[in-house]
Amino acid sequence: MFAGFHNLGSVTPASPATPLVVAIHGGGYHSTFFDLPGYSLLERAAASNIPFIAVDRPNYGNSDQLAVDGSIFDANAQALDDLIGELWAAHGEGTAGVFLIGHSIGAALSLLIASHAPTWPLLGVAMSGCLLQEPPGTAERWASLPMKWLPCDGDMRFQLMFGPAGSYGDDMPAAEAAFHGETPVLVQELIEISDGWEERFRAAAPSITVPVHVRHAQYDALWISDEEQVQQFADALTNAPLVDAAVWPGTGHDIDYHTSGAAFQAEQLAFALRAAGLPDAPLSQVGAEQGAQA
């Protein structure tokens with residue numbers, strides 16, 4: 001069952017080279033990650049007349065629950081692949097294809113979906129908050145937790161998701177905490193992303209044959225974050241026709257919620273337009289009005 005939100009009633013694609021953007025959130029959030037007032041990727045897409053759908057992943061929000069014996073990532077990727085196929089059939093008319101934007105665990109799932117060569121037209125992927133290696137001991141720490149769901153309140157997210165003082169506005173982190181409340185994260189996902197993800201990604205990466213946009217926060221507390229790791233990540237995407245990968249300076253894991261989040265979101269949407277067939281779309285024309293407001 002689809003759960004999430006969209007802007008489909010308020011946009012009309014101006015060109016058949018417009019993408020249908022589908023956004024996939026990470027752990028400790030729902031689809032509303034992409035619609036925090038003042039930091040909303042949905043509103044920025046609407047301002048640029050780009051159709052946008054954010055989905056609740058399986059087990060989150062109002063989505064269906066998944067009973068999984070093996071890989072929680074495999075089960076998620078297959079369920080999302082099926083759902084996106086349905087969304088494309090229902091809402092893709094007049095667009096060039098689907099462009100995925102994934103954050104954190106949602107980024108990992110977006111890459112796995114791309115590696116499976118979906119039956120619906122995939123244009124490309126933009127991702128953040130997922131790299132190769134987490135700090136030593138992370139997998140053991142998650143595996144030692146006795147609960148199925150790890151509570152994730154505003155204080156915890158502030159410690160993990162934000163960069164240093166000065167990288168976010170005066171309204172943060174209070175606005176993030178008030179908007180998202182306490183959304184737990186499935187411990188099974190934390191274990192899988194920290195135990196064997198690099199090997200899994202390196203095996204899947206050569207099967208990804210669409211453009212990929214990678215931005216990784218300089219002060220991401222969940223990953224080993226440096227230029228070398230980003231370069232190794234990009235180098236693994238050997239069959240992607242275009243890879244644009246870089247460290248995003250001065251922010252933490254949730255780049256969207258920092259003062260440079262508007263520029264970051266504008267880059268993602270510009271890349272989506274390029275992947276859809278508008279190679280000369282400048283960043284200044286994508287979300288410029290919304291970016292000025294943010």
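## Helices α3 and α8

The crossing of α3 and α8 is left-handed, meaning that the near helix is turned anticlockwise from the far one by less than a right angle, where clockwise would be right-handed. The names are those of DSSP runs, numbered from the N terminus: helices are H or I with at least four residues, strands E with at least two. Helix α3 covers residues 105-115 and helix α8 residues 197-204; their axes come within 10 Å and cross at roughly 30°. That makes α3 roughly parallel to α8 (angles under 35 degrees count as roughly parallel, over 145 as roughly antiparallel, 65 to 115 as roughly perpendicular and the rest as oblique). Axes here are lines fitted to C-alpha atoms, for helices over the stretch in contact, and angles run from 0 to 180 degrees between N-to-C directions.

On the α3 side, A108, L111, L112 and S115 meet W197, R200, F201 and A204 of α8, contact being heavy atoms within 4.5 Å. By class, this contact of α3 with α8 has six nonpolar, one polar and one charged residues. Ala, Val, Leu, Ile, Met, Phe, Trp, Tyr, Cys and Pro count as nonpolar, Asp, Glu, Lys and Arg as charged, and the others, Gly among them, as polar.

## The model and its confidence

This is a predicted model, in which local features need pLDDT of at least 70 and side-chain atom pairs count only at pLDDT 80 or more, while totals for chains, interfaces and linings use all residues. Residues are numbered from 1 along each chain as its sequence is written, and side-chain values use heavy atoms, with hydrogens and water left out.

The protein chain has a mean pLDDT (the predictor's confidence in each residue, from 0 to 100) of 91, and 94% of its residues reach 70 or more. Take care with residues 282-294, where the pLDDT is below 50; this stretch has 19 contacts in the model beyond near neighbours in sequence.

## The sheet

Let's turn to the strands. An open sheet of seven strands runs in the order β1-β3-β2-β4-β5-β8-β9, with mixed pairing; two strands pair if DSSP finds at least two bridges between them. Its edge strands, β1 (4-6) and β9 (243-248), each pair on one side only. From one strand to the next, the twist averages 15°.

Strands β4 (residues 97-103) and β5 (residues 122-128) run parallel and are joined by six bridges. In this pair, H103 stands opposite S128 in β5. Helix α2 (residues 72-91) packs on the sheet and touches β2 (19-24), β3 (52-55) and β4, its direction making about 150° with that of β2. Helix α3 lies across β2, β4, β5 and β8 (212-217), at about 145° to β4.

## Helix α2 and its partners

Helices α2 and α3 pack at an angle of about 70°, their axes 9 Å apart, and are therefore roughly perpendicular to each other. Their crossing is right-handed. F73, N76, A77, L80, D81 and I84 of α2 make the contact with I105, A108, L109, L112 and I113 of α3. The classes in this contact of α2 with α3 are nine nonpolar, one polar and one charged residues.

With helix α7 (residues 187-194), the axis of α2 comes within 9 Å and crosses at roughly 105°. That makes α2 roughly perpendicular to α7. Here I72, F73 and N76 of α2 meet Q188, E189, E192 and I193 of α7.

## Two backbone details

The peptide bond from M172 to P173 is cis, with omega near 5°; P173 lies in the loop between α5 (154-161) and α6 (174-180). S104 sits in the loop between β4 and α3, and its phi is near 60°, a positive value in a residue other than glycine.
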